[in-house]
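The exercises below go from a pair of helices to a whole chain and then to a pair of chains. Work each one with the structure open before reading the solution.

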Number of protein chains: 2
Amino acid sequence: MSDFSKMRDVLLALTKKQIAEAVTEDTMIAQALASFDELTVQLNTLTSRLREWHAYTLPELDHIISDNERFVKLIAEKSYTELLKEFAADKSMGALLTDENYIPIQNMAQKLATLYDERGELLNYLEKTLKFRAPNMQALAGTTIAARLLSGAGSLRRLAIMPSSTIQLLGAEKALFRHLRSGAKSPKHGHIFNHQLVQHAKRADAGKVARGLADKLSLCAKLDFFKGEFKGDEYKEALEKKFGGNN
Amino acid sequence: MSDFSKMRDVLLALTKKQIAEAVTEDTMIAQALASFDELTVQLNTLTSRLREWHAYTLPELDHIISDNERFVKLIAEKSYTELLKEFAADKSMGALLTDENYIPIQNMAQKLATLYDERGELLNYLEKTLKFRAPNMQALAGTTIAARLLSGAGSLRRLAIMPSSTIQLLGAEKALFRHLRSGAKSPKHGHIFNHQLVQHAKRADAGKVARGLADKLSLCAKLDFFKGEFKGDEYKEALEKKFGGNN
């Protein structure tokens, strides 16, 4: 019995160790990326709320400043009097609020401003971590796309052994399975759709560009995983030369 | 022509003035309440995200601290070493993170903590504003329910001239129209469902309690709008005496 209980303890300790080791840098990147995305969604909702609230006193501002982060920081940093002077020349359509009623609006803006900063910090963290973990991918695809590919594949290891056609379609799973099931058009690009090379390509060329980009990204993933040399910038230039002229 | 353009200017100024005057204390209460609700939803989502992220390093904490705000503030305020010592006796199931990988998690927690504070501040603002605007309603229904009723009715004026049966069902519009359309059961309570008197009532009595509460709330709304005396506490006691014994 005591042998058994000893064995149980050893096995338990081993399992705990394995679970702990399953948490890698890649998991952390995926979590930071998910938090970044979540924050973006929530900030958009909360900023719409702030816009609606603030529009009671200075509806003009809502139209003048379309960028959400700028809108929030403007209200957070300027005083009510400054804002009125600057954006409505003291003649706003809105109601003039007492300090008591304006302060909650400004408070909310200040808290949202710190959340925007937090989003920036998450991006910094991703940038630093990827520079160390996957410098080639980052150079070619940019931080967010590289992080999305890594998170979609599950780990850098899996990305490195993935065919480039799979990398091309990471993030387009829904469209791919719709295609396989019902014979709808096959997707041409997943996460890499947001890459500027694909964005700037003519519609008819988008598939070709995406294929070329995924091809080089696949090489980058292998270089990054097997600690090869740094060729990301070189690949990027080559692709820009090849496809940039088309536009 | 010049007369016309003068008239136009005067009418425009008048309209602007009317629009500005349409923004009342009640509008501000409704906006603050909507922001409060929005923040609550977003904080729940973002905290789940933080819980998932943090569980890679200290999964034990997720189960021990079920209150979201406490969870966030604990991570925001304590150091990583302190947390490990306190909650896992240095033997966590999770992975041990480097500072570089832990700091982003803690940063996120700190930003969320300020958001929880902001939610508290919004509640303070509502409390202060309602104490001035609708002290009787507040005394009887509590701050959030009173604010919900006010916001649902549109203004204190409309609430004051509303039949108590309408007040009873404010917030249950969906169920009410389902009842009218399809003959489903009629709802017994809207926002006031969350009032402790209704919450603590036996199921069979809930309708009766809700009716009695709405009755007194209707009186409170009239007292508040017409600047009558303060009777909120008295009504509350009477209701507690009448219905409290049933439980």
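Helix axes here are lines fitted to C-alpha atoms over the stretch in contact, and angles run from 0 to 180 degrees between N-to-C directions. The model is predicted.

**Exercise 1.** Describe how α2(B) and α8(B) cross, and list the residues that make the contact.

Solution. 
- Step 1, geometry: helix α8 of chain B covers residues 143-153. Its axis and that of α2(B) come within 9 Å and cross at roughly 120 degrees.
- Step 2, hand: the crossing of α2(B) and α8(B) is left-handed.
- Step 3, residues: α2(B) contributes Asp26(B), Ile29(B), Ala30(B) and Leu33(B), while α8(B) contributes Ala147(B), Arg148(B), Leu150(B) and Ser151(B).
- Step 4, class: the contact of α2(B) with α8(B) has 5 nonpolar, 1 polar and 2 charged residues.

**Exercise 2.** State the secondary structure of chain A, and decide whether chain A is a compact globule or more spread out.

Solution. 
- Step 1, count the elements: chain A has 14 helices and 0 strands.
- Step 2, take the extent: along the principal axes, the C-alpha trace of chain A spans about 75 × 70 × 40 Å.
- Step 3, compare with the globule rule: for 247 residues the rule gives 18 Å, and the radius of gyration of chain A, 25 Å, is well over that. Chain A is therefore more spread out than a compact globule.

**Exercise 3.** Divide chain A into domains and describe the side of domain 1 that touches domain 2.

Solution. 
- Step 1, bounds: domain 1 of chain A runs over 25-133 and domain 2 over 135-247.
- Step 2, separation: the C-alpha centres of the two domains of chain A lie 32 Å apart.
- Step 3, size of the contact: domain 1 of chain A gives 10 residues, and domain 2 of chain A gives 10 residues.
- Step 4, elements: on the domain 1 side, α2 (25-54) and α6 (99-133) of chain A each supply at least two residues. The most comes from α6(A), with 6 residues.
- Step 5, class: this side of domain 1 of chain A has 6 nonpolar, no polar and 4 charged residues.

**Exercise 4.** Which elements of chain B give two or more residues to the side that touches chain A, and do the copies meet through the same surface or through different ones?

Solution. 
- Step 1, size: 31 residues of chain B and 32 residues of chain A take part.
- Step 2, elements: α1 (2-22), α2 (25-54) and α6 (99-133) of chain B each give two or more residues. The largest share, 12 residues, is from α2(B).
- Step 3, class: the chain B side has 16 nonpolar, 9 polar and 6 charged residues.
- Step 4, surface: 100% of the interface residues of chain B are also interface residues in chain A, so the copies meet through the same surface.

Technical notes:
Residues are numbered from 1 along each chain as its sequence is written. Chains are lettered from A and ligands numbered from 1 in the order in which they are written. This is a predicted model: local features need pLDDT of at least 70, side-chain atom pairs count only at pLDDT 80 or more; totals for chains, interfaces and linings use all residues. Two residues are in contact if their C-beta atoms, placed from the backbone, lie within 7 Å. Helices (H or I, at least four residues) and strands (E, at least two) are DSSP runs, numbered from the N terminus. Ala, Val, Leu, Ile, Met, Phe, Trp, Tyr, Cys and Pro count as nonpolar, Asp, Glu, Lys and Arg as charged, and the others, Gly among them, as polar. A crossing is left-handed if the near helix is turned anticlockwise from the far one by less than a right angle, and right-handed if clockwise. Domain bounds come from an automatic or database domain assignment. The radius of gyration is taken over C-alpha atoms; the globule rule is 2.2 Å times the number of residues to the power 0.38.
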